Amino acid sequence: MIVRTRAVTEPETHVPPDFNCNFDAPYEAPHPIARGIVQVLAQNPKDYTFRGTNSFLVGETELAIIDPGPLLDSHIDALMKAVAGRPVRAILVTHSHRDHSPAAAALSQLTDAPVMGHRPIDAAIAALTTEDVDLAFAPDRELTDQDSITIDGRVIRAVHTPGHFPNHLCYALEQERILFSGDQVMGWSTTVISPPLGNLEHYLNSLDALLTRDDRLYLPSHGPKIDNPHHYVRQLIEHRHCREQQIIACLQKGCRTPAEIVSQIYTGLTPRLVQAAQQSVQAHLDYLTAQGLLGPGNVYHPRPTESALRPVQS
């Protein structure tokens, strides 16, 4: 376990990351992003998917499909039109939430391409959460960290990034220094960490791992591209620091439940996002407990010079 030390101060003024909600991609139509990368946006907008799920076709003479998306006939038809008869060599899934993986099996039947991704979530574990888990997800090839495939002469490497979800993978186009960042890093919003499958320590460790890479561009599964990824990832880590300070301040004032804390530090949320915020606060409380900073009843026990999260890497 990595302990993230940081001086405890008064709660910081919260300056959010540089979110970008400017995203005008067309629904269910091929949208070129770069040479050999085409985006197809699924029409599944919700408060937690933004305008919908981005699926990506990588390659020119042969293809990989990254994040096949939800099981919508219109989306599967749009992807097959974008494939345009070219051979599909792999269907790569970032993780098995139902807005990302369910179309994989249907596309595999249509293209004879194997489905690849991290190992599925055990049904008994999935039963502990209210998250939208795709229990039917069953990859033909299970990928682990740093496994790779070659498509059209381009290496695509899996990068295991648990935290948002245990089986979350990003996919790196190594020569181009492009990372398909799934839900790990999104430009329009922060990532929901929903215990017990979501884990804040794992998520922060995954962000740290991304900072050791030299990617120049992130293509998330929701929302617009991220052109300055290292700067943005540091902002996301700093955002978690600020949230921790706010949560600790609420605990010191006597707040004990995620609902009480959310009512103090969040505004303007839809009912679904209130639930997501409460889950993220619970992830912080779990992390503080693991660091020995919370006792029974969520009573805060400060250390003289430490809080749970370590400083942002420079």
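Student: Is alanine 84 buried or exposed?

Tutor: Some conventions come before the answer. This is a predicted model, in which local features need pLDDT of at least 70 and side-chain atom pairs count only at pLDDT 80 or more, while totals for chains, interfaces and linings use all residues. Residues are numbered from 1 along each chain as its sequence is written, and side-chain values use heavy atoms, with hydrogens and water left out. Buried means under 20% relative accessible area, exposed over 50%, and partly exposed in between, with a 1.4 Å probe and protein chains only. Alanine 84 has a relative accessible area of 56% and is exposed.

Student: Where does alanine 84 lie, and what is its phi?

Tutor: Helices (H or I, at least four residues) and strands (E, at least two) are DSSP runs, numbered from the N terminus. Alanine 84 lies in the loop between H1 and S5. Its phi is near 55°, a positive value in a residue other than glycine. Arginine 177 also has a positive phi, of about 60°, although it is not a glycine. That arginine is placed in the loop between strand S10 (169–173) and S11, and at 35% relative accessibility arginine 177 counts as partly exposed.

Student: Which peptide bond is cis?

Tutor: The bond from proline 195 to proline 196 is cis, with omega near 5°. Proline 196 is found in the loop between strand S11 (178–182) and helix H4 (200–211).

Student: How is the burial pattern of a helix read, and which residues of H2 are buried?

Tutor: An α-helix has 3.6 residues a turn, so residues three or four places apart point the same way. In H2 (residues 103–111), the buried residues are Ala103, Ala104, Leu107, Ser108 and Thr111. They cover an arc of only 135° around the axis, which puts them on the same side of H2; the arc is that of the directions from the helix axis to the C-beta atoms. On the other side of H2, Gln109 and Leu110 are exposed.

Student: What covers the buried residues of H2?

Tutor: The cover includes strand S4 (63–66), helix H1 (73–83), strand S5 (88–92) and strand S6 (115–117). Contact means heavy atoms within 4.5 Å. Leaving aside neighbours within four places in sequence, leucine 107 is in contact with Ile65, Pro68, Ile76, Leu79, Met80, Ile91 and Asp112.

Student: How is a pocket found, and how much space lies in the largest pocket?

Tutor: Rolling a probe the size of a water molecule over the atoms shows where empty space is left. On a 1 Å grid over the protein atoms alone, a pocket is an open set of points where a 1.4 Å probe fits, with protein on both sides within 12 Å along at least five of seven lines; lining residues have an atom within 4 Å of a point. Grid points are joined across faces, edges and corners, and a volume is the space filled by probe spheres set on the points. The largest pocket holds about 910 Å³ of space.

Student: Which residues lie nearest the centre of the largest pocket, and which helix gives the most to its lining?

Tutor: Of the 36 lining residues, Ser189, Thr190, Val192, Leu273 and Ala276 lie nearest the centre. Helix H5 (229–252) and helix H7 (271–290) each supply at least two residues of the lining, and H7 gives the most, with eight. The lining divides into 12 nonpolar, 16 polar and eight charged residues. Here Ala, Val, Leu, Ile, Met, Phe, Trp, Tyr, Cys and Pro count as nonpolar, Asp, Glu, Lys and Arg as charged, and the others, Gly among them, as polar.

Student: How many disulfides does the structure hold?

Tutor: A disulfide is a pair of cysteine sulfur atoms within 2.5 Å. The structure holds zero. The sulfur of cysteine 250 is 4.6 Å from the closest cysteine sulfur, in cysteine 255, too far for a bond. For cysteine 21, the closest cysteine sulfur is that of cysteine 242, 19 Å away and also too far for a bond. Cysteine 250 is buried, with a relative accessible area of 6%, whereas cysteine 21 is partly exposed at 47%.
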